[in-house]
Amino acid sequence: MCNLYNITTSQEAIRQWTRALRDILGNLEPSIDIYPNQPGPVVRNVTDGQRELANLLWGMPTPLERVKGKADYGTTNIRNPQYGHWQQYLGVENRCVVPVTSFAEPSPTPGDKDPDTGIQRNVWFALNKDRPPFFFAGLWTRWQGVRKVKDGPGDFELYGFLTTKPNALIAPIHEKAMPVILTTQEETETWLTAPWNEARHLQRTAPDDALVIVEKPATQIKFPPQAPPAPAQGSLF
């Protein structure tokens, strides 16, 4: 499942695409990697009818029967929204869209280490080589509980996104699932506003040519290559 994605776009582009009239995000870095149980930007519906760009914590409340230990570290990917636990979040008031420009799935080859990160290599996917923005179909909620044992209980705003069967590009890398992607303004508008019996049809596999494999973002390179020193003035080389 997708537990890492990158955003390399501007707040203005996100606001224009989603018609978000309120922005409480703060400053969005030019390129950021989002990991589970860390904050990430989403565009959500809020109770006063506004559409809002905000920073929420990645990982929806886990069904109680699946929580292990004293903390709920969150459920990042939601495969079956018809499961009883998720029914409470399917209304438009709990829907959001998650901006993304590329996302990662870990290599299925055992011991396939990335020399830059020292961990299992990731395969990165985007709409094309230029990595234009698109969105995951997400859900969000306010929640009280323990995310980290050392921090104790707290109040949180959480999000996660839906997954579905993988297409032919992703299946060899991750055979079980891929994120639900929204690639047009019409799709994002439908997800944010339509009744569930209409919006649910967006939980479908992307066409096989909807994505391409791209190089990992620069944020994943811990030790970028150093430029050679400039030749001294008057050097013959």
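Mentor: Let us begin with N37, which counts as buried because its relative accessibility is 15%; buried means under 20% relative accessible area, exposed over 50%, and partly exposed in between, with a 1.4 Å probe and protein chains only. N37 lies in the loop between β3 (32–34) and β4 (39–45). Helices (H or I, at least four residues) and strands (E, at least two) are DSSP runs, numbered from the N terminus.

Trainee: On what basis are such values given?

Mentor: This is a predicted model, in which local features need pLDDT of at least 70 and side-chain atom pairs count only at pLDDT 80 or more, while totals for chains, interfaces and linings use all residues. Residues are numbered from 1 along each chain as its sequence is written, and side-chain values use heavy atoms, with hydrogens and water left out.

Trainee: How many helices and strands does the protein have?

Mentor: The protein has 3 helices and 14 strands. Of its 237 residues, 48% count as buried. Contact means heavy atoms within 4.5 Å; among contacts between residues at least 6 apart in sequence, 67% join residues at least 24 apart.

Trainee: Which radius of gyration does the protein have, and what would a compact globule have?

Mentor: The radius is taken over C-alpha atoms, and the globule rule is 2.2 Å times the number of residues to the power 0.38. For 237 residues a compact globule would have a radius near 18 Å, and the 19 Å of the protein agrees with this. Along the principal axes, the C-alpha atoms fill a box of roughly 70 × 40 × 40 Å.

Trainee: How are salt bridges to be read?

Mentor: Side chains of opposite charge can pair when their charged atoms come close. The rule requires a side-chain nitrogen of Lys or Arg within 4 Å of a carboxyl oxygen of Asp or Glu, and by this rule the count comes to 13. One of them joins R15 and E12, with the closest N and O atoms 2.6 Å apart. R15 and E12 are separated by about one helical turn because they are 3 residues apart in helix α1 (residues 11–18). R15 is partly exposed at 24%, and E12 is partly exposed at 37%.

Trainee: Which parts of the protein does the pair of E189 and R51 tie together?

Mentor: The closest N and O atoms of E189 and R51 are 2.9 Å apart. E189 lies in helix α2 (residues 185–193) and R51 in strand β5 (residues 51–58), so the bridge ties together parts 138 residues apart in sequence. E189 is partly exposed, at 26%, whereas R51 is buried, at 11%.

Trainee: Is D114, which pairs with K216, buried or exposed?

Mentor: D114 counts as buried, at 8% relative accessibility, while K216 is partly exposed at 21%. Their salt bridge has an N to O distance of 2.8 Å. D114 lies in the loop between β8 (102–106) and β9 (122–126) and K216 in the segment after β14 (212–214), so the pair ties together parts 102 residues apart in sequence. Salt bridges that share partners also join R22, R44, D48, E52, R142 and E157 into one network.
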